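Colleague: I am new to this structure and would like to go through it slowly. Could you show it to me before I start asking?

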Amino acid sequence: MLNRTADNVARATPEPLAKKIRGISDKGLAWLFISPTILLLLAINIFPLFWAIYLSFTNYRANRPNEVVKNLGLANYRRILGDQDIWIAMQTTAHFVFWTILLQTVIGFTLAWLIDRKFRGHAFWTTIILVPMMLSPAVVGNFWRFLYEPQIGLFAYAVSFVTGIPPTNVQMLSNVELAPWAIIIVDTWMWTPYVMLICLAGLRSIPEYIYEAAEVDRASNWRQFWSITLPMALPFIMLAVLFRGIENFKMFDMVNLLTGGGPGSTTEVASITLKRQAFESWRTGYSSAFAIILFVAVFGLANIYVKALNKVKQR
Amino acid sequence: MSLTTAHSVVAPSTNSKRIAGVLVVGYALISIVPLLWIFATSFKTPPDSIAYPPKIVFQPSIEGYCNLFTTRTRQTPEYINSLGPATGFCDETVRKRNMVIAGPSNFLPRFVNSLIIAFGSTFCAVFLGTLSAYGFSRFKVPLADDLLFFILSTRMMPPIAVAIPIYLMYRELGLSDTALGMILLYTAVNVSLAVWLLKGFIDEIPREYEEAAMIDGYTRLQAFWRTVLPQATTGIAATAIFCLIFAWNEYAFAALLTSGTAQTAPPFIPTIIGEGGQDWPAVAAGTTIFLVPILVFTILLRKQLLRGITFGAVRK
């Protein structure tokens, strides 16, 4: 319909003008197609980012919009880097990211490796395994609070059934030692399928003739795994780790609903600290500075990692 | 003799297949238990839901669903007896607990908000994404790689970091707690995914089709409309579903930027409480209703899933 209108307009207009309407130059069309997206991102992502950078140099508080804003220079950044709580939050985040990625990679790769045997019904069971990762981390995380309830919760019951510990003592969310593991378990349950799916693609990308050649050379299964399967799947594994790493560094929703950072601040990952500073203490300038530091950290680490990934790919 | 037609030397043995099958099925069954438990809990009565040991066999009831959609007040038995006969199953169930239905709960409006915001933002993101993807795929755009990376990098920011300035901006513009504000925000987040995925799909459509159409007298725009778009339908549909799932599941922005009229279901469901704590059957009922559309989409999408979750980086 759009085209017909353009045609009619073109037919009714004198030759030079018609050319302009009918055949917008490719270059013009390219910009016409791309600029709305760029403009939207500038308005909703980049402009706020610059605003946050500006705020990070001030003592602005969003709950006192009428107060005079003072320029503090780098004071916010200096305070954050010297703030004990921030460093504890970063350690909590590192602990969370390290263990979730380790568990997800090991379990995910093993599952993919098993599924690649192509036993009967493997497609159906793969779909079943994939379900948790598509669900809302917030809504499902909230429900895990119920599973974790001491005594009445299914998780506590299962643990006490297996280990013999009284179910009232399985306090996953209120025990300082266990709470960090409670969030690691839920995250691993949710995102192992993600790693599995990417690893599966990696395993399926290995051409069969390489194994055939290895078989002719009488390489043992063990040898084949270490010198063919693992190295050839490595770029895929690294890609999965990259995506999970970025996501878990930003982790907010699931942890906020499961523990809210508690008990105390034992599960207070960086995003939770940021939320507490920005939307509970209303230290807008200070939290903006922290946000900028986090963003630079993710961005920097991801860049270094991508460089390493490309090196592995080229091998 | 060809190795592939006869017995392949590298095919896994029957035994190793069987062991692999048992392990994978075992994992699948354990990982699905929490979801089955949500479903089961939604059909329990509140006392059954907090029984010890946890009840696997129970008398199903739709009390959870009744509680999800209504608000109730406690009344004296005399008052309840003075009312007329109960209207409908929910009324009857509630009266047994010495309560009467006071009115509808906020669940339905929150659910409708989720629908409006998810579909609105998906439409905008896919629309913008298709145009940009075509632009990046077919034309020489200066600094194309940098622009594409810029589009992707907007997704690396922690949502809370973005939420601080957005909160201030929306307050200035009057967009706080509005569906429009949330649609704009989700569109901006999803458009990066849409551009990357759709560029992959459009790259796979041979340029010859458009060139042939243009030789036949079509303009570039017509060629795009009549040859590229119809071929990209699968890709566009898959992308749309991914955007829809993200917007549907999103919690951080929704929790910080909406509080009332535009609140979506994810921040609302955890706030469902009954007398003396969380009303788990009602929460489970809300969770079940909320999850079912995603389950359907996951099954529809399973062939494109890999591509979607890696921003098109892995295509099989």
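The questions and answers below go from the whole chains to single residues.

Modeller: Please keep in mind that this is a predicted model, in which local features need pLDDT of at least 70 and side-chain atom pairs count only at pLDDT 80 or more, while totals for chains, interfaces and linings use all residues. Residues are numbered from 1 along each chain as its sequence is written, and chains are lettered from A and ligands numbered from 1 in the order in which they are written.

Colleague: How many helices and strands does chain A have?
Modeller: The elements are DSSP runs numbered from the N terminus, helices being H or I over at least four residues and strands being E over at least two. Read from the N terminus on, the elements of chain A run α-α-α-α-α-α-α-α-α-α-α-α-α-α. Chain B has 16 helices and 4 strands, whereas the count for chain A is 14 helices and 0 strands.

Colleague: How far apart are the C-alpha centres of the two domains of chain A, domain 1 and domain 2?
Modeller: The domain bounds come from an automatic or database domain assignment, which divides chain A into domain 1 (2-55) and domain 2 (75-314). Between the C-alpha centres of domain 1 and domain 2 of chain A the distance is 41 Å.

Colleague: Which helix gives the largest share of the side of chain B that touches chain A?
Modeller: Two residues are in contact if their C-beta atoms, placed from the backbone, lie within 7 Å, and the contact takes 85 residues from chain B and 79 residues from chain A. On the side of chain B, the largest share is 16 residues, and these come from helix α1 (residues 14-42) of chain B.

Colleague: Is B:A252 buried or exposed?
Modeller: B:A252 lies in helix α13 (residues 252-257) of chain B, and its contacts beyond four places in sequence are A:F252, A:D253, B:P159, B:I160 and B:A163. Because B:A252 has 23 C-beta neighbours inside 10 Å, it counts as buried.

Colleague: At which residue does helix α11 of chain A have a kink?
Modeller: The bend at a residue is the angle between axes fitted to the seven residues ending there and the seven starting there. In helix α11 (residues 221-249) of chain A, the kink is about 50 degrees and lies shortly before the proline A:P235. The buried residues of α11(A), among them A:A233 and A:F236, have a cover that includes α5 (84-115), α9 and α14 (284-314) of chain A. The kink itself lies at A:L234.

Colleague: Which residue does a cis peptide bond join to B:Y52?
Modeller: In chain A, the peptide bond from A:G262 to A:P263 is cis, with omega near -5 degrees, and A:P263 lies in the loop between α12 (253-258) and α13 (270-280). In chain B, the loop between α2 (46-49) and α3 (63-69) holds a proline, and with omega at about -5 degrees the residue joined to B:Y52 is B:P53.

Colleague: Is A:R218 buried or exposed?
Modeller: A:R218 has a positive phi of about 60 degrees although it is not a glycine, and its place is the loop between α10 (208-216) and α11 of chain A. Because A:R218 has 7 other C-beta atoms within 10 Å, it is exposed.

Technical notes. A residue is buried if 20 or more other C-beta atoms lie within 10 Å of its own, exposed if 12 or fewer, and partly exposed in between; C-beta atoms are placed from the backbone.
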